[in-house]
Amino acid sequence: MSKLLIIGAGGHGRVIADCAEASRQYCEIAFLDDSYPEREQNLAWPIIEKSSTWKSFKDEYSFALAIGNNQARLALYRALDEANVHLPNIIHPAAIISSHSELGKGNVVFANAVINPGSKIGNACIINTSASVDHDCQLADAVHISPGAHLAGSVKVGQCSWFGVSSSSVQAICIADNTQIGAGAAVTKDTEANGLYVGVPARRIKDI
Ligand SMILES: CC(=O)SCCNC(=O)CCNC(=O)[C@H](O)C(C)(C)COP(=O)(O)OP(=O)(O)OC[C@H]1O[C@@H](n2cnc3c(N)ncnc32)[C@H](O)[C@@H]1OP(=O)(O)O
């Protein structure tokens, strides 16, 4: 059993801690957050230092990144990976992940999420509560599939793209890098990079 240090003590961090606790893989779970020392506790788990101090803990702990912003999470992931920090995938025991899928490092997969066979998940991705990634999808690094969002088969999702809560994608399309899909949208065609798409069917409404 190893010790887990989560960078970021917000709501997403608390779900990661809860998920790690449920996985029974860790003997200790704690946080780094810039609100320390004003806040020393985050529900059942201590906040032990500021985020910037992570290097001093890197030989003692495994790390998880609880940063919602995809670009910021990817930047921090790269810094920690470069420093040979151990970045396990944090997987809730109630997630269903095909043994014929592949996950990189530093991902989180929450309760009731499903990843089906042939899918490849990059690094630092969030597969949130009850999201599904169907067969043969390919997710690049730092993608976020929000709660209840669903990807049909063979969807490619570019780096740092974000599916909002309860959004969906039809099969076999390409979501470009840095695409944001609004809550409840249904994507039916390839997207172009750096766009915000909303509605059913999803339409690009602005650049991001
Ligand atoms: C566990 C967790 O919490 S994980 C986090 C999950 N969170 C989400 O999934 C959030 C998803 N976010 C959204 O859907 C947001 O509404 C966004 C990103 C699409 C838009 O946010 P903003 O950039 O602030 O845009 P803004 O709110 O100004 O809306 C712009 C226009 O789009 C419309 N719009 C916004 N969101 C949506 C949507 N999901 N579907 C349809 N139309 C929308 C607005 O009504 C507005 O229209 P108007 O100009 O005619 O008034």
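Two strands count as paired if DSSP finds at least two bridges between them. In this predicted model, strand β10 (residues 114-115) and strand β13 (residues 132-133) run parallel and are joined by two bridges. Across that pairing, isoleucine 115 stands opposite valine 133 in β13.

β10 and β13 belong to an open sheet of six strands, with parallel pairing and the order β7-β10-β13-β16-β19-β22. Its edge strands are β7 (96-97) and β22, each of which pairs on one side only.

Phenylalanine 31 has isoleucine 47 of β4 standing opposite.

The chain is divided into domain 1, covering 2-66, and domain 2, covering 91-207. Taken over C-alpha atoms, the centres of domain 1 and domain 2 are separated by 26 Å. Seven residues from domain 1 and seven residues from domain 2 make up the contact.

On the side of domain 1 that touches domain 2, α1 and β5 each supply at least two residues. The largest share of that side comes from α1, with five residues. By class, the residues on the side of domain 1 that touches domain 2 divide into six nonpolar, one polar and no charged.

## Around the ligand

The ligand is surrounded by 14 residues, and the closest are Gly164, Val165, Gly182, Ala183 and Val198. How does this shell divide by class? The shell around the ligand has seven nonpolar and seven polar residues, and no charged ones.

Leaving aside neighbours within four places in sequence, alanine 183 is in contact with Gly164, Val165, Ser166 and Ser167. Gly164 and Val165 are also among the residues closest to the ligand. Alanine 183 counts as partly exposed because it has 14 C-beta neighbours inside 10 Å. Aspartate 34 is 149 residues apart from alanine 183 along the chain, and their C-alpha atoms are separated by 29 Å.

## Backbone points to check

Most residues other than glycine have a negative phi, and most peptide bonds are trans. Two cis peptide bonds deserve a mention here. One joins tyrosine 36 and proline 37, with omega at about 10°; proline 37 has its place in the loop between β2 and β3. Another runs from valine 200 to proline 201, with omega near -10°, and proline 201 lies in the loop between β23 (195-198) and β24 (203-207).

Two alanines bring positive phi values. Alanine 124, in the loop between β11 (120-121) and β12 (126-127), has a phi near 60°. Alanine 172, in the loop between β19 (168-169) and β20 (174-175), has a positive phi of about 60°. Are these alanines buried or partly exposed? Alanine 124 is buried because 30 other C-beta atoms lie within 10 Å, where 20 or more is the cut-off. Alanine 172 has 13 C-beta neighbours inside 10 Å, so it counts as partly exposed.

## The β23-β24 hairpin

β23 and β24 run antiparallel and are joined by four bridges. Tyrosine 197 stands opposite arginine 204 in β24. The hairpin has four residues between the strands, and glycine 199 takes a positive phi near 95° in it. How many of the five residues of β24 are buried? The count is zero, and β24 is hardly covered.

Conventions
Residues numbered from 1 in each chain as written. Predicted model: local features only at pLDDT ≥ 70, side-chain atom pairs only at ≥ 80, totals over all residues. Domains from an automatic or database assignment. Contact = placed C-beta atoms within 7 Å. Nonpolar A, V, L, I, M, F, W, Y, C, P; charged D, E, K, R; others polar. Near = placed C-beta within 6 Å. Buried ≥ 20, exposed ≤ 12 C-beta atoms within 10 Å, placed from the backbone.
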